[in-house]
Amino acid sequence: MSVVDVPLAEYLVEARSSGSWPDVGPLEIAFAGRSNVGKSSLINTLTARKALARTSNTPGRTKGLIFFRVQPQGRPELRFVDLPGYGYARVSQQERHAWKTLVEGYVTERGTLAAVVVVIDARRGVKDEDCDLVEWLLAVGRRPCVVLTKLDKLARNERKLTLDAARAAFAKAGLALPKPPIGFSSRTREGRDALWARLLEGPA
Ligand code: GTP
Ligand code: MG
C-alpha cells in the first residue's frame, strides 16, 4: 500500500470521566497498551505529526481518553482515541480502578468504536496484562489489532522471531488473534503503511 497522507489531524477533546465522551460522530480507533509502550508516539507517526499526541518519558502521564480528529487523504474522517496506559506499578489502587471504569465504559458502550489497537513494546514482549486485555476485547466483541512497536530497538534478525513469539504467546493463552501482529517503529516509521492498510480495510 502506498504512503497514506493525513491532511487533517487535530486535538478534539479529553474525556476524564465516564460518559463525558464527545458526541457520537466518525468511526473511532482506540490505542491501548501498557504505560510507556509508545501509544502516543504511534499516533504521531500514523498522522505524520511531531507532537499531536503528548509523549513522555514518564509512564502513566495520560489520565483521560484523548480524542483526535484524523482524516486520511481520500477517506472519510476518523477519530483516534489515545487511552491511558495500564500495568504501571506505581499507581494507586484508586487510580487503577479509575482507569478500569473509564476504559471499560468506553470500550463496551461506544457504538462508533471500530477497532482497538493493542500496542506492545517489542523488546518486552507479551505480558499477562496484554493477554487479559485481548481476552476481554474478544469477550466483549471488539476485534483487537496487535502492534509490536519500538522494533528499531531489536536487531534485524530478531524482528520476525519477536512477531512470531508474540502470536504464539497469545495462542498459548488460548487467544486466537484475527490477524497476525504488525511490527512498527515510531523512529523509522517501519510498519506505518501496513498498519494504515489494516485500519482502513474495514472492521479491523
Ligand atoms: P503513556 O501515555 O504514559 O502510557 O505512554 P505511551 O504508551 O503513550 O508512550 P509514549 O508514546 O509517550 O512513548 C514513551 C517513550 O518511548 C518515549 O520516550 C518515546 O520517545 C519512546 N518511543 C515510543 N515509540 C518508540 C519507537 O518506536 N522506538 C523507540 N526507540 N522509542 C520509542
Ligand atoms: Mg501516551
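The legends below describe close-up views of aromatic ring pairs in a predicted model. Residues are numbered from 1 along each chain as its sequence is written, chains are lettered from A and ligands numbered from 1 in the order in which they are written. Local features need pLDDT of at least 70, side-chain atom pairs count only at pLDDT 80 or more, totals for chains, interfaces and linings use all residues, and side-chain values use heavy atoms, with hydrogens and water left out.

**View 1. Aromatic pairs in the whole structure.** A search of the whole structure gives 5 aromatic pairs. Rings of Phe, Tyr and Trp (its six-membered ring) pair if their centres lie within 6.5 Å; planes under 30 degrees apart count as stacked, over 60 as edge-to-face and the rest as tilted.

**View 2. The pair Phe31 and Phe80.** The ring centres of Phe31 and Phe80 are 4.9 Å apart and the planes stand at 65°, so this pair is edge-to-face. Because Phe31 belongs to strand E2 (residues 28–33) and Phe80 to strand E4 (residues 78–82), the pair ties together parts 49 residues apart in sequence. Strands (E, at least two residues) and helices (H or I, at least four) are DSSP runs, numbered from the N terminus. Phe31 is buried at 0% relative accessibility, and Phe80 is buried with a relative accessible area of 0%. Buried means under 20% relative accessible area, exposed over 50%, partly exposed in between (1.4 Å probe, protein chains only).

**View 3. The pair Phe67 and Tyr106.** With centres 5.9 Å apart and planes at 85°, the rings of Phe67 and Tyr106 form an edge-to-face pair. Phe67 lies in strand E3 (residues 65–71) and Tyr106 in helix H2 (residues 93–109), so the pair links distant parts of the chain, 39 residues apart. Phe67 is buried, at a relative accessible area of 0%; Tyr106 is buried, with a value of 0%.

**View 4. A ring cluster.** Trp21, Phe67 and Tyr106 are linked into a cluster by ring pairs.
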